[in-house]
Amino acid sequence: YQHWQSIAVWYSSRQVGHRGPVTRIASGCTAEQRSPIVQEYSEIDTSGQFRAHFAPAGELKGNYKYSNKPSGLYHWLTTAQPRPFQNPTNGIVALIDPDQFLLRPITAAVSLGLDPKVVSQKIQGGGISLFETSSGKPRIIVGRKNEIAALPSRVSKGKPVAQEYGIGGAWGNSGKPNARPSWKAFDIHRVCGKDAPCTRTSAKEADESYSVGPPYLLHATDATNIAESWLKAVPQVHAQYPYLLAEMYAYSMAAANLSLPHAQVHNLMVSNIGAGGEAWDWVDTISWNQVCAGADLTTPPSIFVAPSIPFSNNDHPPGPALPTVLHFCQSYRAGGHKFGKHSVPHDIFSCEQGLFHFEPDQITDAVRQASSAGSDSLKKATRNAFFLCNLLPRLNAALLSYKSTVCPKRGISTWNSQPTVRA
């Protein structure tokens, strides 16, 4: 299913005006598997901006496939032709998961253009928003007030930025008497080297500077160094911590070993409707009758449509306050609608498959009913509605664009545009 997701990422990037190329890193593909991918990408995009890079399989014994992330990244950065960057001294890598759909362009801007004095107060364990001086719109969310001064003006060498995740910094106590059970016997020296910087990272430092996940925004030089260190760390972490998140902890330790603390922000993603530390702060302020207003089969809600105004990759893009990506790693339900990535047909981008079923009025009605059932019910319903009313019509627009571009190139003059797919 990562194939259709990679195509969705491409279309989402063009929908929001993202200006950089999009590269899918695919690991372990045979020559027979590579050929149709390259062909389809060339049918979708003739500019060469939508690319596939094929890396050797990097999964560990026991089918731990997530080790493909660092191995594929390092292979792309060091061997890709054409080179990933025309000028590596200015290159920025945005590393995302395939199930992350863009709602805003990704640029290098962080605190640039923001007024550090104009912030919203932290509410109920949420984040603190920083506002853009020119537009008055919130652009960045941090979790702690003392993090505001530490934000770089933009992503640059030695100044990486990433989405804060709830993995925490417990690994900083590895091998100590106060370590959590999973980390009590963990030998961090095996991962980082004896007395290396990572071994001196405290749990507090790990929690405040390395509790991160995708999207990761990195200068090209830092990305190469981290990828190499991450690649070496994953086998040693997984050998002692053989669980799903081993590669994420390995990334954290690798970054710490390079003394590359990350600015942790909340605004790059929403995923789990029950989670904190994400960009839900902005979603939770939306009234129930606006969250899907103006949406139709191929158009997102009116208040989330960005104007077509030129912008620099050094600036915050114009438009409403939105998370940068929808991370559709959960299931989302409202008003008779459900979306779960594992239920999406693998050939959803085809001439034969239809569009996603989407009736925004039904979702709006579900949120209206939840508004009289208490604040918790309303929050959950609003978050589900936000996800569905942004993801489904944008995916449908991508599907129609695909059909109108690719199908004629295959000699197919008619295609399925009926909203019959339910996921």
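## A first stop: Ser259

Ser259 sits in the loop that links H8 with strand E10 (263-265); helices (H or I, at least four residues) and strands (E, at least two) are DSSP runs, numbered from the N terminus. Its phi is near 55°, a positive value in a residue other than glycine. Ser259 is partly exposed, with a relative accessible area of 49% (buried means under 20%, exposed over 50%, partly exposed in between, with a 1.4 Å probe and protein chains only).

A note before going on: this is a predicted model, where local features need pLDDT of at least 70 and side-chain atom pairs count only at pLDDT 80 or more, while totals for chains, interfaces and linings use all residues. Residues are numbered from 1 along each chain as its sequence is written, and side-chain values use heavy atoms, leaving out hydrogens and water.

Most residues other than glycine have a negative phi, and most peptide bonds are trans. Asn63, which is not a glycine, has a positive phi of about 65°. You will find Asn63 in the loop between strand E2 (50-55) and H3, and it is exposed at 54% relative accessible area.

There are cis peptide bonds to look for as well. One runs from Gln81 to Pro82, with omega near 0°, and Pro82 lies in the loop between helix H3 (68-79) and strand E3 (92-95). Another joins Pro214 and Pro215, with omega about 5°; Pro215 belongs to strand E9.

## Two helices side by side

Now look at helix H7 (residues 220-240) and helix H8 (residues 246-257), which pack at an angle of about 130° with their axes 8 Å apart. Axes are lines fitted to C-alpha atoms, for helices over the stretch in contact, and angles run from 0 to 180 degrees between N-to-C directions. H7 and H8 are therefore oblique to each other (under 35 degrees is roughly parallel, over 145 roughly antiparallel, 65 to 115 roughly perpendicular, the rest oblique).

## A tucked-away serine

Is Ser211 buried or exposed? At 1% relative accessibility, Ser211 counts as buried. Its place is the loop between helix H6 (203-209) and strand E9 (212-219).

A polar atom of the Ser211 side chain lies 2.6 Å from the backbone oxygen of Tyr165. Leaving aside residues up to four places away in sequence, Ser211 touches several others, among them Gln163, Gly166, Ala206 and Gln264 (contact means heavy atoms within 4.5 Å).

Terms used
Polar contact = N/O pair within 3.5 Å; in protein donor to acceptor, adjacent residues only side chain to side chain.
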